[in-house]
Amino acid sequence: MSNTKDELLALVREAGSEMTLQQKFRLTVLLSIPAIIAQFSFIAMQMIDAAMLGHLSTDQASAVGLVSTTIWLFGGLTSAFASGFSVQVAHRVGAGDNKGARSVIRQGLFSGIVFASMLGFLGTILAPHLPHWLGASEVICNDASRYFTIFCCSLPLVILNSISAGSLRCSGNVKVPSILMVMMCCLDVCFNYLFIFHMDMGTDGAAYGTMAAYGITVIFMVAYMTMKDKILNFRQDEVLDFIPKRKILKKTGRIGFPIGLERGVMCTAQIAISSIIAPLGSIAIAANSFAINVESLCYMPGHGVAEAATTLVGQSKGASKRDLMHSFAWICMALGVGIMAFMGLIMWFFAPEMMSIITPDKAVIDLGIEILRIEAWAEPGFAAAIVAMSVFVGAGKTLIPSLMNLGSIWIVRVSLTLLLAPSMGLRGVWIAMAIELCFRGIIFTARLCTRKWSFIKDRSQKAN
């Protein structure tokens, strides 16, 4: 009889217990599948949003595509902040300190609201100027500014969702956050259809629809975590400590700051690339934005496996099982690369159909097909980088991998983009991206082959 997920996670946490290769693989798959489903639904939501806007006008779709990289920047910073707390949850649950895990979550929720509010305020100040800085034409600037402003106002909801979902996953509960993420995607589609078409709100409707979906999902996510989850519910504690402690914030900074810096600088590189794409015209901007949404279908399974890697490596570290950390790292790597290589083939063959779903514009479709088929070759390398980075996050070793990401995108991708874009247009931009992702996959695999990232302190110190 096969072990359940909870029974297998108990083997990870118990001192002296051993796991077979079959048990490790089964646990990896059990944690990955719900996360992959959630990631697919999230990307489906983005593609449906893009399709709704694409069927309005190319200019409105271009307005959203123009600020998408800046949205990734702000979203990446909130995600990095949340990771600093959720990884500590994995370590403490792995060490059997469930009370400490709940304390970390409460401090994370309070700190997250403060951080996201400050970040959102900054974003609303920048919003009127951002499209002009990116070199966009006047016809799309107002729509782009309003869309970004609404997104910034929703950042507290985004970070509450990230901390709650991340903490549940790192404790081993992947089912509930995955179900709620699917629910959010369905709500987003319904709200967007209502606001964009029935209320004729255009790009503003897309932003408000997403905000409404996040708001409802966050209510369910936080309520379940704090009242129902058997490990994390707050009713088990007599004293509820929300004020952040120096030790927790220090470790959060050690884990999250390199990730936030890396994502911030990487997104500034992507913004710089967007400024190179912007003068190429609305067709290039729209094709780039739509193709990114389609490509997301390929790399989201990799992110699903990566979430499992963070949980498994994090709990293994909390239990002071270094060999188990390495074993889970390579199992997740093999699974992620295999899935994304297969998805790359799907993208190559079905690129025309995927682009046609999003937009009826033939010029945008034709250009999108070309660049998607360029990118299909890079999916295995991208998978290696995604999964390995999450392994290092689970281990709490984020500084060197973050610097590797920075060097790869700035030295390889940006320089190649500057070299190829003037003569090859958007095709040159995506060739540069494909080369850089393959390079990044190689250096991250090389880093994973070392054992420096899996250093564990003495068991008596591991939860500190």
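Which residues touch the most other members of the largest nonpolar core? Here are some notes on that and a few other spots; bear in mind that this is a predicted model.

1. The largest nonpolar core has 100 residues, and the ones touching the most other members are F74, F148, L232, M355, L426 and W430. There's also a second, separate core of 39 residues, with F328, A384, A388 and W453 among them.

2. Leaving out residues up to four places away in sequence, F148 touches T70, I71, F74, G123, A127 and L130. F74, one of those partners, is also on the list of core residues that touch the most other members.

3. Next, a helix pair. The axes of α7 (residues 155–170) and α9 (residues 202–227) come within 9 Å of each other, crossing at roughly 40°. The two helices are therefore oblique to each other, and α7 passes α9 in a left-handed crossing.

4. As for who meets whom in that pair, α7 brings L157, V158, L160, N161, S164, A165, S167 and L168, while α9 brings M211, Y214, G215, T217, V218, M221, V222, Y224 and M225. Sorted by type, the residues of this contact are twelve nonpolar, five polar and no charged.

5. Setting aside residues up to four places away in sequence, S408 touches R413, E436, F439 and R440.

Note on methods. Residues numbered from 1 in each chain as written. Predicted model: local features only at pLDDT ≥ 70, side-chain atom pairs only at ≥ 80, totals over all residues. Heavy atoms only, no water. Axes fitted to C-alpha atoms, helices over the stretch in contact; angles between N-to-C directions. Helix = DSSP H or I, 4+ residues; strand = E, 2+ residues; numbered from the N terminus. Parallel < 35°, antiparallel > 145°, perpendicular 65-115°, else oblique. Left-handed = near helix turned anticlockwise from the far one by under 90°. Contact = heavy atoms within 4.5 Å. Nonpolar A, V, L, I, M, F, W, Y, C, P; charged D, E, K, R; others polar. Core = buried A, V, L, I, M, F, W, Y, C linked by side-chain atoms within 4.5 Å. Buried < 20%, exposed > 50% of the residue type's maximum accessible area, 1.4 Å probe, protein only.
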